[in-house]
Amino acid sequence: MSFDYLLLTRALLPEIALVLGALAVLGYDLIAGRQRPAEERLKASLAIGAIALIAALVDTVLVGTMDSVYGASLMLDTLAVAARCGVLGLALITFGIAAGARVPRHPAEYVAIILFATTGFTLMAAANHLLVAFAALELASLSLYILTGYDKSRPESAEAALKYFLYGGMASAFLLFGFSLIFGLTGELEFGAIAIMLAHTGMSPLLAIALVMVLVAFGFKAAAAPFHLWAPDAYEGAPTPSAALIASASKLAGFTLFLRLLWPGLGSVAGGETGTGIGWLAPVALIAGASMLLGNVAALAQSNVRRLLAYSAIAHAGAMLLGVIAAEVTGPGPLLYYAATYGVAAAGAFGVIAVIEANGGCQKLTDLIGLGRRSPLLAGCLAVFILSLAGIPPLAGFFGKFAVFAGAFRSGGLAAPAGWLALLAIALSAVAFYYYLIVLKQALVVTPTAEPKRIRVPAVTGLTLLVATALLLLLGAFPSLVLRYFA
Amino acid sequence: MNLLPWTIYLSFAGAILALAAGTRSATAARVIALGTALAGWGVTLWAGCQFSPSDGLLTLTNTTWIESLGIRFHLAADGISLTLVVLTGLAAVAGILFSWNIEERTGEFFALYLTLIGGVYGVFLSADAFLFFVFYEIAIVPKYFLIAKWGSTNREYGAMKLALYSFAGSALVLAGLLWIYGAGNASGFSLTELAAGAATLDPNAQLMVFALLFTGFAVLAGMFPFHTWAPTGHVAAPTAASMLLAGVVMKLGAYGCLRVAMGLVPDAIFWFQPAIAWLAVIGIIYAGLVALVQDDFKFVIGYSSVSHMGFVLLGLAAATPLAVAGAVLQMFSHGVIAGLLFAVVGRMVYERTHTRQLAELRRLPLHRLMPFTAVVFVIAGLASMGMPGFSGFPAELSILIGTWPVSKLWTLAAALGVLIAAAFTLRVIQVVFFSRTEATADAAETHPLPPLTWPEQTGAALLLGATILIGLNPGLLLDWIIPGLNSPLLQAIWTGGAP
């Protein structure tokens, strides 16, 4: 155990860069931005913010992996470094989207809050301690509530934020309750120490309650069924860049934390194949199955493209939970790959929506009609994002699913629930293909009645979307670029 | 031989080039597409000349791709793959010639078309199941857009139905492959590794896996009762797409049934033999009877396609070397003939008369108005009926002879299907081209139709030439196919567990 502050500072360099960047954004806006038009303020803030993100990214790579930091409160293993990079990259994509979306009323604050949320995400990616995890999660969540309700002139945005906040707040209470019970049972806060204690004590009724609390809370945060009810409203009402952040970086950070808590921390009470008797595997499997079923089936009935993406996110959350289960045999690689590439595709899809919205609204699926004529660039990018979400090779979304399902079949075949869940997931992917194809049909096939207005895509946003497209193609064709770090 | 992977790379490169060129000039896109397809076909023919049947399974490239799952970029060819890539090259060239008149978004059309072709080449050359599946899916998505965007009757419905059937089928395949990988503890995804993994599964699991794989592929091969996507899809598709669908895409399914389902789980075919054979026979007869009563010219050809694919499935189900060789030959033969029939219906007739209703076509004296088309269709019809001298004859004959020792009943029922095929083919020939009308005499002056263009004549000549060549000398292909049956991937079927 070493409580070395120098080491801690080194490990937290990315977070420091982000916080300094957020303060710089606010400071610049306060000093120089007040008299300027909102677009310029947004551009300046995004530029400063992007520098902070890139600095954080460079820091993350330079610092690299470290063993336990500050008494193992933080764990900078490969998973943490990869997840931090992913989160920062996704935040950069969100910035690119924000540059092409409607300008919010207080642009500098909006950018600063995105940076604070990102700080929360990077901490979640490395947290190895119940209190650090909780604080990081709350930092991220509180920022996301504000980002959801940022467009306060629209009642939908306020409604979305309120719903998200009420559910999220409740989930935090559950989580804290669960954590306190775990602490009470083991007397430890740090995941490794908890694991050692639990290996001796094993399952107990009180621990079962604690596990249920934690699972419910993560179910809420990850928008897994049956705790998903806030998600469609939040995705529908939130400003588009916020929705992109919720769908992408927040998912990646959340699942990284969840994975670290469950396998290294609570692995001995997994139940099922590995542990003895009942454990958390069965409820996680149930939540995963329910999410995939509900998400995919409910998405079929949607006529609003954002709600459709929300239900698709619920379905993907189910598949990621399957990845959490399979991580026992596969290691964290496939789950991280899945969550990161899903984030790129989902954020990209919201990016396309944001640009369309800035040119006259994009809520209904029919608002996409004629996109191929209005902007071939947007249509092409949207096709890649949607096909990646649908899991069509050679895009990254396919390999993510493939690796997760292969791992699920490996962990016991059809004798274990994971195998059956993978079968269910594969069957439902055929259902999902239908609604994704409906989106593309509207955008590319249906002939518009009137000659549509062309869309001018802002250069930064266009570049961001192209980079996201290229990432999905590249990572899809060469998944080893990510996976080899986990070998 | 080692040039064969270039068929894949060339097609994808051509797709990008055609897309780029299409924004400036439609002609450039067409020329690029045709050049790409010709180059691809040339490569396959060159490889065919170099190929000696004793080569067995020839590895073309084999490099590590995704190490953590043991996935390799492994392309290989044997006589069976070679037969089918030659068919793909031919069908690609002919399809482009018959879609020379596409004016709307030409670049995108040919980009999707060449992507589809690249995927098909990839499937036929893959020796790694993951790679196989990737190419298989790459071939599915462009089909949807080709039909939904450039198709005709009820195109959005037909395209969606086809895409969903194909995707549902491929989901079954994926489940089967992952099951073998997971439960069989296979070390990787190459077909040989998966076959070894499948052998360790208990017999019931093997049967389940085989059912998943075979059903998944058979959906795309048009097996009864999963064939309903085929007629609607064919009818909705633009000419080139229906030529490709019938010509090569349905072959993907049949090839998957043989190479993946039967190749990986060789014992299980004998358990499922009666079920598959009966479904194949029902498909042959039922689709034939349905074709007999259609009012729409293209639906007749669509159902005839399903009926002929039934022979392929019957040949596979019989699982004797002669029947399987016949099935592969029938894949080639049907690919050529169905492509030709769809070209006549969709391009030569429909785009000039603007109707496909038999009742309306009956009133036009088409044998006077378009004598070349009439001759082409009559010859193609004869080939489709299985007349000696055309490729359908040796193919269906080998299937029937190969099936006879397994079950006389199936053979007789399938032979009945040949008669039905003759009936519906003769019916459309009579109704469309040679019906009596009062206005025969001066029809050519009163209703002149646009003359045939050179791409159409070239395309028709190519396809006719191929079916006659193979009809007169089936040994050209059988010399490739029969040694291919003994390649390491398929050997186990014959030694597996004969009934």
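Helices here are DSSP runs of H or I with at least four residues, strands are runs of E with at least two, and both are numbered from the N terminus. Counted that way, chain A has 21 helices and two strands. This is a predicted model, in which local features need pLDDT of at least 70 and side-chain atom pairs count only at pLDDT 80 or more, while totals for chains, interfaces and linings use all residues. Residues are numbered from 1 along each chain as its sequence is written, and chains are lettered from A and ligands numbered from 1 in the order in which they are written.

Let's begin with overall dimensions. The radius of gyration is taken over C-alpha atoms, and the globule rule is 2.2 Å times the number of residues to the power 0.38. For the 487 residues of chain A the rule gives 23 Å, and the chain's own value of 21 Å is close to that, so chain A is as compact as a globular protein of that length. Its C-alpha atoms fill a box of roughly 70 × 55 × 40 Å along the principal axes. Turning to chain B, you will find 22 helices and two strands.

Next, find a helix pair inside chain B. The axes of α12 (residues 297-318) and α18 (residues 408-433) of chain B come within 11 Å and cross at roughly 160 degrees; axes are lines fitted to C-alpha atoms, for helices over the stretch in contact, and angles run from 0 to 180 degrees between N-to-C directions. Angles over 145 degrees count as roughly antiparallel, and α12(B) and α18(B) are therefore roughly antiparallel to each other. Among the residues that meet are Phe297(B) and Phe311(B) from α12(B), and Trp410(B) and Phe424(B) from α18(B).

Finally, return to chain A, where strands β1 (residues 66-69) and β2 (residues 74-76) pair in the antiparallel sense over three bridges; pairing requires at least two DSSP bridges. Val69(A) stands opposite Leu74(A) in β2(A). The two strands form a hairpin with four residues between them, and Tyr70(A) in the turn has a positive phi of about 50 degrees.

Methods. Angles under 35 degrees count as roughly parallel, over 145 as roughly antiparallel, 65 to 115 as roughly perpendicular and the rest as oblique. Two residues are in contact if their C-beta atoms, placed from the backbone, lie within 7 Å.
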